[in-house]
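Below are my comments on the model you sent. They are set out as numbered points, to be read alongside the structure.

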Amino acid sequence: MESMKKTSKLDRILTAEEELVPSSGFVASVMERVREEAAAPEPIPFPWKRVVPGAVVAVGGVAWIGVEVVRQAARSLPDLRASGASPLHLPLQMTGTLEDAGWVAAALGVSLLSWLLARRMIGRSGLI
């Protein structure tokens with residue numbers, strides 16, 4: 001019964017033909033904010049031209065580290081050509097380094113994929 005009273009009271013309020021008038025100063029404050037936003041300068045674009053060389057240097061550094069790891073592994077092994085052995089065995093000290101390098105490579109790959117996906121999604125939305 002009480003819920004019916006609340007419903008009927010709500011219906012009466014909503015069906016009233018009274019004109020809704022905003023509180024004093026509301027329209028002026030909203031228009032002031034709109035003018036402020038319109039007058040605000042454009043956001044500063046991200047400096048991609050400065051980031052790209054740093055990224056290239058970072059990727060080159062990681063590649064160089066990979067080459068040095070392989071070179072160190074090759075130096076620490078006995079000369080396989082002279083012994084005629086075909087399987088490549090890494091010393092125990094190098095296995096930990098290679099496992100860590102694998103995890104780093106996997107993390108870089110996942111980061112790259114997520115970045116590419118984000119760029120693709122933003123490109124479709126027209127934000128770029």
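**Notes on the predicted model**

1. The largest pocket has a volume of about 380 Å³. A pocket here is an open set of points on a 1 Å grid over the protein atoms alone, where a 1.4 Å probe fits, with protein on both sides within 12 Å along at least five of seven lines. Grid points are joined across faces, edges and corners, and the volume is the space filled by probe spheres set on the points.

2. This is a predicted model: local features need pLDDT of at least 70 and side-chain atom pairs count only at pLDDT 80 or more, while totals for chains, interfaces and linings use all residues. Residues are numbered from 1 along each chain as its sequence is written, and side-chain values use heavy atoms, with hydrogens and water left out.

3. The protein chain has five helices and zero strands, in the order α-α-α-α-α along the sequence. Helices (H or I, at least four residues) and strands (E, at least two) are DSSP runs, numbered from the N terminus.

4. Which residues line the largest pocket? Among them are Trp-48, Val-51, Val-52, Leu-108, Leu-112 and Trp-115, a lining residue being one with an atom within 4 Å of a grid point. Helix α3 gives the most, with seven residues.

5. The lining of the largest pocket divides into ten nonpolar residues, two polar and no charged. In this scheme Ala, Val, Leu, Ile, Met, Phe, Trp, Tyr, Cys and Pro are nonpolar, Asp, Glu, Lys and Arg are charged, and the others, Gly among them, are polar.

6. Trp-48, one of the lining residues, has Arg-119 over its face, at 5.7 Å from the ring centre. The criterion is NZ of Lys or CZ of Arg within 6 Å of the ring centre and within 35 degrees of the ring normal.

7. How many salt bridges does the structure hold? There are three, each defined as a side-chain nitrogen of Lys or Arg within 4 Å of a carboxyl oxygen of Asp or Glu. Side chains of opposite charge can pair when their charged atoms come close.

8. Arg-33, Glu-36 and Glu-37 are linked in a network of salt bridges. Arg-33 meets Glu-36 at 2.7 Å, N to O, and Glu-37 at 3.7 Å between the closest N and O atoms. Arg-33 and Glu-36 are about one helical turn apart because three residues separate their positions in helix α2 (residues 26-39). Glu-37 and Arg-33 are four residues apart in helix α2, again about one turn.

9. Buried means under 20% relative accessible area, exposed over 50% and partly exposed in between (1.4 Å probe, protein chains only). Buried residues make up 3% of the 128 residues in the protein chain.
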